[in-house]
Amino acid sequence: MSRKPRVALMRNRIYPGGIFHVMLEMVRVLNQHGIVPDLVTLKSRVSPDLAAEQYNMDVQFRVREILTDLRIPYEWHIILFNKISQSHLQKYDLVINHNNTSFLYKRPAGQQLISYVHFPRKARGLSDALSTHVPEGPSKKWYHIRRDPFKLASLAYQLDTRIDEQEIVLANSAYTRQTLLDHYPIPKNRVEVLYPPVEIPEVRTKSAKDEQLVVSLGRFAPEKRQLEQLEIARKLPHLKFCFMGFLSDNAYFEQCENFKKKHNLQHVDLLPNLSYRKVNELLDRAGLFLHAIRNEPFGITTVEAISHGCIPVVPDSGGQVEIVPRKELRYKDRSEAIKIIEQLLGRTKEEKEKLRADLFNRIREFDIPNFQQQFNELLNQIQDQN
C-alpha cells in the first residue's frame, strides 16, 4: 500500500509493567517504519512522557480510550473489551492484540491480526486456582465477585476453540507456547516464540558488588508475592533487601508495609515507583536478585537483573526455567530459597564471577536487537503481502 498502514495495539487496560515494555519496543520498531500507532484501550496510565521517564525510551504513540472504563469483574472486562473494540478497530490495517485472547474479536476482511500472547487467558480462566501464580492458594468460588461471578467467563472460555486461520500467533516463551497448544486446536508450526525484549549491554559491566544486598523488581501486587519475599527476608536479618516496583495496588502495598513494621524488618526497604536511573543503580550494586512469582510466563525482570550482574534466585517453574537453566538457582518453597541464598553467600568470589559470566552468556537471546530484528522481519513480511 502507498500510504503508511494504520496500526493499533490493543489491551483492555494498559499500565506500566512487563507487558507495556513489550508494547513500547513494538512501538519503537513501528516508529522506525514511520508509523505512529494507537494504543486502544478502556483505561491507561501511560504516555510517551512516562515511557521516557521510566523506560528511557523516546517513542511516539497515541492513547485511544474508546469508552469510560467499565467497573465490572476483571474476566468479564477482558471479554467485553474484545467485543466493544471491534467497531473502533475496523479502520486499522494491522491490529496487534496484547489481550491474551482473541475470543469475541473477529478480524474484518483485509485486516492483519497479530496476537502476542503473554499467557493465554483461557488457561487462567479454566484453572481451578484463583491465581495461577499462587497455585497453593485458594481455589475459585462461583461467587467470586471481583473476578468472575458465577464462573461465567470460565464457561465462555470453554467455548473458546476458534483460532483465525490468518492470525499470526506469537508466544513470549516456550512455556507459553506449550500452554497455548494445550488449550487450542492449533498446529505447532503456527505458534512462534518471540521472547520479550530486554536491554542487555554488549559487554557485561563488572560493577562493584555488595554481596550482602538482595534486590527484587516487580509491580507491587499479590501475584508478585512480595509478602513471601518479606518472609524470606525475615529469616535473613544479616542481609540488606530492597524491593522495587511500580505501585499498582495500594492496599497490597500497605499490607507489605504493615508486615515490615510488625516484624521490625529494618534491613528491608520497600521502594515503589523508582526512576529508571535509580533502579539500574541498585541492580548494579546488588549481589543477588530474588524472584517469587510461580508459573510466570517469562520474567523480564530476571533477565534485567542478570544483565546487571545479579545472581538470580527464582522459582522452579514457568519461563524462569528457560532464563535460569541452572537448577541449583531455582527453588520450590521458601525454605529452599533461603538455603540457596545462604549457599551462594558461601561461594568464593571467583565462583560467583564465573556464575555471573555463564548466566550473562545465556541471556543474549533475549536482547532488544534480537527482538527488533524478528519483529521488523514480521512487519516487512506483512507489508510485502499487501
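Is Cys 310 buried or exposed? Cys 310 is buried, at a relative accessible area of 2%. That is one stop on this tour of a predicted model.

**View 1. Cysteines without a partner.** A disulfide needs two cysteine sulfur atoms within 2.5 Å, and on that rule the tally is zero disulfides. Take Cys 256: its closest cysteine sulfur belongs to Cys 242 and sits 14 Å off, so the gap is too far for a bond. Cys 310 is in no disulfide either, with the sulfur of Cys 242 again the nearest one, 11 Å away. Cys 256 is buried too, with 0% relative accessibility.

View 2. Tyr 143 comes from the loop between helix 4 (121-126) and helix 5 (152-158). Its relative accessibility is 47%, so Tyr 143 counts as partly exposed.

**View 3. Arg 225 and its positive phi.** Arg 225 isn't a glycine, yet its phi is positive, at about 65°. Look for Arg 225 in the loop that runs between strand 10 (210-217) and helix 7 (226-234). With a relative accessible area of 7%, Arg 225 is buried.

**View 4. Asn 264, another positive phi.** Here's a residue other than glycine with a positive phi: Asn 264, near 50°. The loop in question lies between helix 8 (250-262) and strand 12 (268-272), and Asn 264 is part of that loop. Asn 264 counts as exposed, at 51% relative accessibility, whereas Arg 225 is buried.

Conventions: Residues numbered from 1 in each chain as written. Predicted model: local features only at pLDDT ≥ 70, side-chain atom pairs only at ≥ 80, totals over all residues. Heavy atoms only, no water. Buried < 20%, exposed > 50% of the residue type's maximum accessible area, 1.4 Å probe, protein only. Helix = DSSP H or I, 4+ residues; strand = E, 2+ residues; numbered from the N terminus.
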